[in-house]
Amino acid sequence: MAELHTTEIAPTRAFLISIRDGKSDAAEAESLAKELVGLAKTLGFEIAAQEKVHIREHHHKFGLGTGKADEIAGKAAELGVDCLVFDGELSPSQQRNWERLTGIAAVDRQELIIQIFAGRARTREAEIQVALAELFYSLPRLTHKYIDLSRQRGGRYGTKGSGETKLETDRRQVEQRIYRLKEELAEVRKQRAVQRKKRDKESVSCTLVGYTNSGKSSLLNALTGAEVLAEDKLFATLDATTRVLPAKGRNLVITDTVGFIRRLPHALVDAFRSTLEEAVQADLLIHVLDASDPDMDAYFETTLSVLRDLGADKKPMLTALNKIDCLEPSPDALESLLRRYPGGIPVSALSGAGLDELKARMIDALSGPVRRFRFPPDRSDLAALVHRSGTVLQETYEGTYIELEAQVEEDVVGKLREYLVDT
C-alpha cells in the first residue's frame, strides 16, 4: 500500500515588532500592539513572537538603533521565522536594510493591511482599488522581498528586481498598469454614480460607518434580513453592500462600508475613495461602535478623523452602541456608556435588542421635524402626497379641512408651504 504524505503547507511564521516612541503613550502603544496581532492573524500568519521596543528617537537606517536591530535579527534567526512584521511604516530604504540584515522579508503595517484587502476583494471595483494600492506601494520598493501569500489568497503579490535595466522595466510596467487601472476605475465610478442617482429618486440613504470589526455587517443583516458575510475578523467586509429597509413613505437604503482603522495607508484611502464616497453621499450616517471594546473611544476618534478627511463629518449622524450583550455584567455599565455617548442607541445585532429604537431614530432623523398641514376638504390629493412621501403621525377630518401631522422632507414642505400650520 502506498504511503500517504500530507501536502498541507505550513503557515507563514511571523515575528511582530511594535515600536513605541515618545509621541504615543503606553496605553495607545499596547492597543496598537494588540491590533497588530489581529491584523497578522487575519492574514493567516502564525505568531512566533512579539517584541515591544521603546525608543527615544527614530534612526534613519532601521527606525531604531543598530544594536537593537542586531538583537532582533538574532532572535528572528533563532525563531526560524519567515518575516518580520512592524507596527508602523517602514521607508523603502529601511525595508531593504532589514532584509539585508536578516535575509527575510520585512513587512510594515501598510503592506499587511494592503495584503488583507487583496484577499477580501470580491467585486471588480474592489479588485481595481486594491491593485492600485498595491502598485502605489510597490513602486518605490521593487527590490523588496514580498512574502509569497499564494497559500492564503491565490497570490497576485510579488516582484523581485535585479539590475538597473530590469528595475527600470519593472517601474515602467507598474506606471503603465496604474494608468490603465485609473481609467477603468473612472468608468466604474461613473456607473456607480448612475446607480446612486436612480436609487436616490426612490429612497433615502443611510451608511454604516465605524471601526473594523465593530459589527456593521451583522447590524445590516439584523436590520434588513440580508445575508452579508459577518466574521469576527478585521476587514471581513471590503465591498460596499447595499440593502433596503422598507419604511412608511420612501424606503431606507442602508449601505455597509469597509471598516476604518488607525494609520490606514494613504494609498488605500485614495484607492477606496469611491467606496467611501457612500458616506459622503448618504443622507444619514450610522456610526457603529463595539460597546464591549476597551479601545472604543480611540476607535470613535479614528472614524471621525477619516470622515473629516472625506468631508462627511457634518452629515447627520446617529451613534449605535453595538454588542451590548457583551458588556461586563455590571449594573452601571450601560449607564456609564450612555454618559460618555449621550444620545447613543444601545443595540445588539446578535440578540436584536434596541433595533426597533434604532429604526425609529433613523426614520425620525431622515424625515425631519413634525409638521402640521391643513388642506381643503377637496384636496385629498395633497394628503395622499404626504402619505406617499413621509410618515403621517395623525390625521383628522373636519367639515372644512383635512389636518395631518407628519414628518416629510424639506422639498415636500416647500411644495406645501401655503398649507402649513404653526405648531
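**Close-up 1. Val 85 and Val 107 in a predicted model.** Val 85 stands opposite Val 107 in E4. Strand E3 (residues 83-86) and E4 pair in the parallel sense over 3 bridges. Two strands pair if DSSP finds at least two bridges between them. Strands are DSSP runs (E) of at least two residues, helices are runs (H or I) of at least four, and both are numbered from the N terminus. The model is predicted: local features need pLDDT of at least 70, side-chain atom pairs count only at pLDDT 80 or more, and totals for chains, interfaces and linings use all residues. Residues are numbered from 1 along each chain as its sequence is written, and side-chain values use heavy atoms, with hydrogens and water left out.

Close-up 2. Four strands run in the order E2-E1-E3-E4, with parallel pairing. Strand E2 (46-54) and strand E4 (105-107) stand at the edges, each with a single partner strand, so one side of each has no neighbour in the sheet. Neighbouring strands are turned by 20° against each other on average, direction ignored. H2 packs on this sheet and touches strand E1 (13-20), E2 and E3. The direction of H2 makes about 165° with that of E2. Helix H4 (residues 109-120) also packs on the sheet, touching E3 and E4. The direction of H4 makes about 85° with that of E4. Contact means heavy atoms within 4.5 Å. Axes are lines fitted to C-alpha atoms, for helices over the stretch in contact, and angles run from 0 to 180 degrees between N-to-C directions.

**Close-up 3. Helix H2 against helix H3.** Helix H2 (residues 66-79) and helix H3 (residues 92-102) pack at an angle of about 50°, with their axes 10 Å apart. Ala 69, Asp 70, Ile 72 and Ala 73 in H2 meet Trp 98, Leu 101 and Thr 102 in H3. The contact residues divide into 5 nonpolar, 1 polar and 1 charged. Ala, Val, Leu, Ile, Met, Phe, Trp, Tyr, Cys and Pro count as nonpolar, Asp, Glu, Lys and Arg as charged, and the others, Gly among them, as polar.

**Close-up 4. The hairpin of E12 and E13.** Strand E12 (residues 390-397) and strand E13 (residues 402-408) pair in the antiparallel sense over 7 bridges. The hairpin has 4 residues between its strands. Thr 391 has Gln 407 in E13 as its bridge partner.
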